[in-house]
Amino acid sequence: MTNYFRSNVDAMASYVPGEQPQRGTQFIKLNSNENPYPPSPAALAVLQNIDGEWLRRYPEPFGGEFRQAVSQVLGVPSDWIIVGNGSDELLSVVIRACVEPGRRVVYPMPTYVLYRTLVQIQNADITEVVYSEDYSLPLKELIAANGSVTFIASPNSPSGHIVPIEDLRKLASQLSGVLVIDEAYVDFAEENALALVKEYENVIVIRTLSKGYSLAGLRLGFGVANPKLLHGLFKVKDSYNIDAIACAVGTAAITDQAYKNACVAKIKASRIQLATDLKQLGFRVWDSQTNFLLVQPPQGNAEYLYQKLKEQRILIRYFKQPGLDDKLRITIGTEEQNQTLVKALSNLPIFPDESEKI
Ligand SMILES: *Cc1c(COP(=O)(O)O)cnc(C)c1O
């Protein structure tokens, strides 16, 4: 082993994102929770009219224009908003600002796998508290672990469930560290936790334009928190973390709420339809407040189905880890994509041949 890297970096595993097939190849891609509909036409029009002068100069360091737009849409003051190069960057900024070796990060499992990676880079301690079968929040254990940072994804991935606001409020009030509420899927949910940032200065709510606004390729997210908390995070972020294009396109996208709401309405309707169709095939389907479904095939042969669908150029997400290896996470696609998926599944043998068993 070389000694180029810190020992914790040598020891850690890489984050494994969902497969991203090469552009131009024909896959039905239901593995990364992307939105199946195109971004707002207003956002694309801004993109087509980018002024070279914006690119010649450094961008505004805090994504000013986009911050203003978020402030308008959410009704929070703009100095309560931090903009990030995707919400992933903001998760990383929180970790780098608040965590060092000897400090602890806490989150319930299963959840977004990136949290673990970010903590391992920082060489801090981790407490993972396993969710019970019904995905009720393990409040007592989370509070007892007393993290410098506690992550709650709500709605959560891969389960799709939302954490009740009352539970988040209890957590916020009892933790001395920072509570990160990761609302990447909030646009598909019936409620949100934004009110908590006004009540508790240790709470940051983090959102993204990747899912609800069909802009995963743009890399734009934001956090909302008390300026006292943002003050420390601003010291840590890159000075020009928001590029001029993302700022301009994102501003148009978030301002076009009508378009986003129309796409979300279609996805929610498709979510109900796909859940019904999969239940008819014998799948167990968990309730979802996101743009994906966690499902369990009748024979528990999740990896087999994942492989068979991949051969037919349909990608869904399979997690080879305890508690999830008999389940699949399926992103809601267009009506047509969902029907193709259901048809492909119904044509697969329920019991794989012995020769095909994995
Ligand atoms: C997709 C996702 C993110 C990342 O969003 P980006 O803004 O694209 O970085 C963060 N958290 C969760 C739980 C997600 O599913």
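Start by selecting Pro155, which sits in the loop between β5 (149-153) and α8 (165-174); strands here are DSSP runs of E with at least two residues, helices are runs of H or I with at least four, and both are numbered from the N terminus. The bond joining Ser154 to Pro155 is cis, with omega about -5°. This is a predicted model, where local features need pLDDT of at least 70, side-chain atom pairs count only at pLDDT 80 or more, and totals for chains, interfaces and linings use all residues. Residues are numbered from 1 along each chain as its sequence is written, and side-chain values use heavy atoms, leaving out hydrogens and water.

Next, click on Pro110, in the loop between β3 (104-109) and α6 (114-122). The peptide bond from Met109 to Pro110 is cis too, with omega near 0°. Then hop to Asn146, in the loop between α7 (139-145) and β5. Asn146 isn't a glycine, yet its phi is positive, about 45°. Most residues other than glycine have a negative phi, and most peptide bonds are trans.

Now show the ligand. Which residues are around it? Select Gly86, Ser87, Asp88, Tyr112, Asp182, Ala184, Tyr185, Thr208, Ser210, Lys211 and Arg219, where a residue counts if one of its heavy atoms lies within 4 Å.

Zoom in on the side chains. An N or O atom of Tyr185's side chain is 2.6 Å from a ligand oxygen, and the side chain of Ser210 also has an N or O atom 2.6 Å from a ligand oxygen. For the side chain of Lys211, the distance from such an atom to a ligand oxygen is 3.0 Å.

Terms used:
A polar contact is a pair of N or O atoms within 3.5 Å; within protein, one must be able to donate a hydrogen and the other to accept it, and residues adjacent in sequence count only if both atoms are side-chain atoms.
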